[in-house]
Structure formats: C-alpha cells, structure tokens
Amino acid sequence: MITIDVSEVPDERALHLLLMRDLGFPGFYGMNWDAFWDSITGLVWIPDHVRFLGWDQLTAHVPRGAAMLQRALDDYRAAYRSDFVAEYA
C-alpha cells in the first residue's frame, strides 16, 4: 500500500506533480488526465492499494481534479485490476 497526502494540493498542476512523484511516473509525464491514464496502464505499476489522505480537502479545492482522478482509478480497476483498491480518506 502507498499513502498519498492530497490535503494541501491547491490546483490540478500540483496534483499531477504529486502523483508523478509518488507513483513514479517518468520525467516526460504530460501532466494531464490522458497522460495519467497512459502512465497507470502502461508505464508504471501502481500498488494494489492506494490510500489518499485529505480527500475532502482535495474535493473542496480541486473538485475537477479529484473527480477525474477517482474516475480514472475506477476505470483502471474495472478494466485491468479488479483487486485494486483506491481509498479516499
């Protein structure tokens, strides 16, 4: 399991930078949701369980980014890894 603290994320760019760092995305990561999808489905292996701390703060400050991240991870679980768990605490 990996824990990612998103409580202090002020905008989508900062969210992408945090995801890039904590999930080990390559330096050429495109910092958008298409690039996020490409990264989790073909460039890196993400842990079986990802826990996001401060989810309520993220949804308040970066609602679109939070929704896009959750949707992408839900789609990832449905399409690739039914045992994958994303926890939004």
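Predicted model: local features only at pLDDT ≥ 70, side-chain atom pairs only at ≥ 80, totals over all residues.
Residues are numbered from 1 along each chain as its sequence is written, and side-chain values rest on heavy atoms, with hydrogens and water left out.

The description begins with the sheet. Three strands form an open sheet with parallel pairing, in the order β1-β2-β3. Strands, of at least two residues (E), and helices, of at least four (H or I), are DSSP runs numbered from the N terminus; two strands pair if DSSP finds at least two bridges between them. In general, the strands of a sheet pair through backbone hydrogen bonds, either parallel or antiparallel. Here β1 (2-5) and β3 are the edge strands, each pairing on one side only. From one strand to the next the twist averages 20 degrees; axes are lines fitted to C-alpha atoms, for helices over the stretch in contact, and angles run from 0 to 180 degrees between N-to-C directions.

Strand β2 is joined to β1 by 4 bridges and to β3 by 4 bridges. Arg51 in β2 stands opposite Thr3, and its bridge partner in β3 is Glu87. Phe52, in turn, stands opposite Tyr88 in β3. Buried denotes under 20% relative accessible area, exposed over 50%, and partly exposed the range in between, with a 1.4 Å probe and protein chains only.

Helix α1 (residues 12-23) touches β1 and β2, and its direction makes about 155 degrees with that of β1. Helix α4 (residues 63-79) touches β2 and β3, and its direction makes about 155 degrees with that of β3. Contact means heavy atoms within 4.5 Å.

The largest nonpolar core has 29 residues, of which Ile4, Val6, Leu19, Phe36, Phe52, Leu69 and Leu73 touch the most other members. Such a core is a set of buried Ala, Val, Leu, Ile, Met, Phe, Trp, Tyr and Cys residues joined through side-chain atoms within 4.5 Å. The elements giving two or more residues to this core are β1, α1, α2 (33-43), β2, α3 and α4. Leaving aside neighbours within four places in sequence, Leu19 contacts Ile4, Gly24, Phe25, Trp33, Phe36, Phe52 and Leu69.

The aromatic residues complete the picture. The structure holds 9 aromatic pairs. Rings of Phe, Tyr and Trp (its six-membered ring) pair if their centres lie within 6.5 Å; planes under 30 degrees apart count as stacked, over 60 as edge-to-face and the rest as tilted. Phe52 and Tyr88 are stacked, at 5.7 Å centre to centre with 5 degrees between the planes. Phe52 is buried because its relative accessibility is 1%, whereas Tyr88, at 24%, is partly exposed. Trp55 and Tyr88 form a tilted pair, 4.4 Å centre to centre and 55 degrees between the planes. Because Trp55 lies in helix α3 (residues 55-61) and Tyr88 in strand β3, this pair ties together parts that are 33 residues apart in sequence. Ring pairs also link Phe25, Tyr29, Trp33 and Phe36 into a cluster.
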